[in-house]
Amino acid sequence: MQLVQGDVVLTKVRKLPIGLNKVEQQGGRYIVARGESGNTHAIEGEEIELYEKDGVLYIKSEQPCCLKHEEHKPIEIEPGIYRVRRVREYDVFAVEDKKRIRQVRD
């Protein structure tokens with residue numbers, strides 16, 4: 001199962017990987033992505049934990065929670081474990097190889 005909000009994709013997974021680092025809340029919520037304009041995709045709700053490993057975020061929620069962003073409708077998230085990914089784009093006109101694939105930021 002996948003949930004999409006702008007440039008953020010949540011994919012439900014069976015279990016958390018080993019070796020995660022716990023991420024702390026910021027202002028009573030967990031920020032999973034920041035846009036270029038300063039807007040944020042943030043998880044709000046009860047009994048939520050956010051983890052990070054190798055630049056990938058994982059959400060573990062025991063209760064329903066909500067993914068919010070200033071320019072998108074809120075998305076209700078069922079309890080479970082989710083991997084957070086950012087949408088990437090490929091620029092065929094980029095001169096440098098390392099600039100051809102980049103994260104989309106809304």
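Q: Which residues is T40 in contact with, leaving aside its neighbours within four places in sequence?
A: This is a predicted model, and in it T40 is in contact with R29, I31, A33, R34, K68, H69 and E70.

Q: Where is T40 found?
A: T40 sits in strand β5.

Q: Is T40 buried or exposed?
A: Buried, because its relative accessible area is 3% and the cut-off for buried is under 20%.

Q: What does the T40 side chain make a polar contact with?
A: The side chain of R29, at 3.2 Å.

Q: Which side chain does N39 make a polar contact with?
A: That would be E71: the two side chains make a polar contact at 3.1 Å. Leaving aside neighbours within four places in sequence, N39 has E71 among its contacts, along with A33, R34, H69 and E70.

Q: Back to the strands then. How many bridges join β4 to β5?
A: There are 4 bridges, and the two strands run antiparallel.

Q: What about the hairpin of β4 and β5, how many residues are between the strands?
A: The hairpin has 5 residues between its strands, and G38 takes a positive phi near 100° there.

Q: How many bridges are there between β5 and β8?
A: β5 pairs with β8 (residues 65-69) over 4 bridges, in the antiparallel sense. Within that pairing, G45 stands opposite C65.

Q: Switching topic: what's the strand order in the open sheet of 6 strands?
A: Reading across, you get β1-β2-β10-β7-β6-β3, with antiparallel pairing.

Q: Which ones are the edge strands?
A: β1 (2-5) and β3 (21-23), each of which pairs on one side only.

Q: What does the twist average from one strand to the next?
A: The average is 30°.

Q: Last one: over how many bridges do β6 and β7 pair?
A: Strand β6 (residues 48-53) and strand β7 (residues 56-61) pair over 6 bridges, antiparallel again.

Methods:
Residues are numbered from 1 along each chain as its sequence is written. This is a predicted model: local features need pLDDT of at least 70, side-chain atom pairs count only at pLDDT 80 or more; totals for chains, interfaces and linings use all residues. Side-chain values use heavy atoms; hydrogens and water are left out. Two strands pair if DSSP finds at least two bridges between them. Axes are lines fitted to C-alpha atoms, for helices over the stretch in contact, and angles run from 0 to 180 degrees between N-to-C directions. A polar contact is a pair of N or O atoms within 3.5 Å; within protein, one must be able to donate a hydrogen and the other to accept it, and residues adjacent in sequence count only if both atoms are side-chain atoms. Contact means heavy atoms within 4.5 Å. Buried means under 20% relative accessible area, exposed over 50%, partly exposed in between (1.4 Å probe, protein chains only).
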